[in-house]
Each structure stands twice: as C-alpha cells, then as structure tokens.
Amino acid sequence: MSLYVTEFHNAAGSLTGNHVTSSVRRLKELNGVFLSKEAYDRSDLEQVVYEVEMHNVCGNVEGGLYFGVSRISPGKVGDEYFMTKGHFHEKRNRGEYYWGIRGKGMLVLMDENREAYTEDVFPGSLHYIPGHIAHRLVNIGEVTLVVGACWPSDAGHDYDTIQTEGFSIRVMEQDGNPSIMHY
Ligand code: PAN
Ligand code: ZN
C-alpha cells in the first residue's frame with residue numbers, strides 16, 4: 001500500500017492509508033450501556049466490543065462527507081448482544097447511509113418521540129437513516145459484524161441523550177434467538 005493512497009479492504013472490512021483515524025470501544029468504556037449491571041460487572045471489561053475506522057479529509061465542514069467502517073465483535077453481556085453506544089446526530093437533520101458488509105446484525109432506529117424500529121443487517125443490505133433518528137448497531141451473529149457508513153461531516157454525535165434516556169428497545173437473546181424487548 002502506498003503511503004498516499006487510502007484503501008477500503010472490503011473482505012477484511014478495514015480502511016488504511018491517508019486521512020484514516022480509528023477508535024476502539026472496550027467494554028470498560030461502555031458502562032451503563034447494557035441492561036444488566038450484574039452481567040456487566042461479571043464480564044471481562046478489557047474485551048473489544050467494537051472498532052471504527054473513519055476517512056476524514058475535510059474536518060467538520062458543512063457540505064463535507066465522512067466514510068467509515070464499524071466492526072462489532074460477537075458477544076453478549078448477559079443476554080444482550082454486543083452493540084454500539086448509538087447516538088442522534090448533534091445537528092438533528094443530518095442523515096446517514098449504512099450498508100452491511102459481513103455478519104448478521106440489527107440496526108436499531110428510534111425517533112425523538114422514542115418510537116423505535118429495526119432493520120436486518122446482512123452482506124449487501126442498505127440502510128438509509130433519516131435525520132432526527134437515533135441509530136445503533138447490534139451484532140446478533142457469531143462472527144464480527146462489519147458495516148460501512150457515510151454521513152455529513154458536520155453532523156456531530158449526541159451521545160448524551162442516549163446515555164441518559166437509552167433506546168426504547170433492546171435486542172436480547174431469548175431461547176437461542178434474538179428478541180426485541182420494549183422499555
Ligand atoms: C457510525 C458510528 C459507529 C460507532 O460511524 O459512529 O458505528 O457507533 P457509535 O458512534 O454510536 O459509538 C455513525 O453512525 N456515524 O455517524
Ligand atoms: Zn451516525
């Protein structure tokens with residue numbers, strides 16, 4: 001790979017090269033995200049729950065775009081599948097595209113009135129996330145869930161609203177299958 005070329009490795013679900021930044025979310029950074037505090041405390045908090053790589057050329061300017069790839073590990077905290085924190089965009093009217101690359105997941109979506117719905121994520125699935133909709137990825141499969149994303153670079157991330165109010169649904173394993181629970 002040339003130092004000046006950015007490459008998206010579809011099979012590996014990774015992004016390398018110029019303008020790429022990355023972040024890792026371990027279980028210890030996700031305190032309060034999962035329903036069962038007891039199961040959380042029993043878990044290995046060093047586990048990597050998800051990683052994000054992002055192609056950021058322009059900074060947070062209006063009119064720009066970011067491209068990213070998220071990799072969510074398989075796993076659970078108690079009966080609840082590994083998932084991203086989830087967020088609204090800070091600029092609420094900013095939308096986003098997600099698309100499934102590998103694995104099996106659910107995209108949890110929720111509007112500002114806490115009405116929630118889900119979409120199945122699989123290789124080739126395409127998801128338009130309108131503005132004003134909070135979004136979270138859940139890995140319901142046995143391999144790493146890999147999902148591409150593209151969003152306006154001035155969207156920003158509002159994590160606080162979800163941190164305090166949560167989503168109105170959670171995806172839990174029940175009798176060996178994913179099940180949607182309402183809160
Ligand atoms: C994605 C998410 C990524 C990680 O790139 O940021 O899946 O999820 P959290 O940001 O909720 O931790 C995106 O939606 N960007 O806007
Ligand atoms: Zn987003």
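1. Ground rules. This is a predicted model, so local features need pLDDT of at least 70 and side-chain atom pairs count only at pLDDT 80 or more, while totals for chains, interfaces and linings use all residues. Residues are numbered from 1 along each chain as its sequence is written, chains are lettered from A and ligands numbered from 1 in the order in which they are written, and side-chain values use heavy atoms, with hydrogens and water left out.

2. Who surrounds the ligand. Ligand 1 has 14 residues around it, and the closest are Tyr-50, Ser-70, Gly-86, Tyr-98 and Tyr-159. A residue is near a molecule here if one of its heavy atoms lies within 4 Å of it. By type, the shell splits into 5 nonpolar, 7 polar and 2 charged residues.

3. Polar contacts to the ligand. Which side chains put a polar atom by an oxygen atom of ligand 1? Tyr-50 does, at 2.5 Å; an N or O atom in the side chain of His-157 is 2.9 Å from a ligand oxygen; and His-135 has a polar side-chain atom at 3.3 Å. The cut-off for a polar contact is a pair of N or O atoms within 3.5 Å; within protein, one must be able to donate a hydrogen and the other to accept it, and residues adjacent in sequence count only if both atoms are side-chain atoms.

4. Cover and pocket. On its own, ligand 1 has 390 Å² of accessible area, and the protein covers 96% of that (Shrake-Rupley method with a 1.4 Å probe; for residues, only the protein chains shown count as cover). Ligand 1 sits in the largest pocket. A pocket is an open set of points on a 1 Å grid over the protein atoms alone, with protein on both sides within 12 Å along at least five of seven lines, and a molecule sits in one if more than half of its atoms lie within 2 Å of its grid points. Strand S4 (48-55) and strand S9 (96-102) are the elements that give two or more residues to the shell around ligand 1; strands are DSSP runs (E, at least two residues), numbered from the N terminus.

5. Arg-71. This one is in strand S5 (residues 65-72). Why does Arg-71 count as buried? Its relative accessible area is 14%, and buried means under 20%, exposed over 50%, partly exposed in between (1.4 Å probe, protein chains only). The side chain of Arg-71 makes a polar contact with the side chain of Glu-53 at 3.1 Å, and a polar atom of the Arg-71 side chain also lies 2.8 Å from the backbone oxygen of Gly-13.

6. Two other buried positions. Leu-137, in strand S13 (residues 134-139), counts as buried because its relative accessibility is 1%. From Asp-158 to His-89, 69 residues apart along the chain, the C-alpha separation is 5.5 Å.

7. Positive phi. Worth a look on the backbone: His-19 is not a glycine, yet has a positive phi of about 65°. His-19 lies in the loop between strand S2 (14-16) and strand S3 (20-26) and is partly exposed, with a relative accessible area of 38%. His-132, also not a glycine, has a positive phi of about 70°. That residue is in the loop between strand S12 (126-129) and S13, and is partly exposed at 36%.

8. Partly exposed strand residues. Tyr-97 is in strand S9 and counts as partly exposed, at 40% relative accessibility. Tyr-97 and Gly-131 are 34 residues apart in sequence and 11 Å apart C-alpha to C-alpha. Lys-76, in strand S6 (residues 76-77), is partly exposed with a relative accessible area of 34%. The C-alpha atoms of Lys-76 and Thr-164 are separated by 21 Å, and the two are 88 residues apart along the chain.

Note on methods:
On a 1 Å grid over the protein atoms alone, a cavity is a set of points where a 1.4 Å probe fits but cannot get out, and a pocket is an open set with protein on both sides within 12 Å along at least five of seven lines; lining residues have an atom within 4 Å of a point. Helices (H or I, at least four residues) and strands (E, at least two) are DSSP runs, numbered from the N terminus. Ala, Val, Leu, Ile, Met, Phe, Trp, Tyr, Cys and Pro count as nonpolar, Asp, Glu, Lys and Arg as charged, and the others, Gly among them, as polar.
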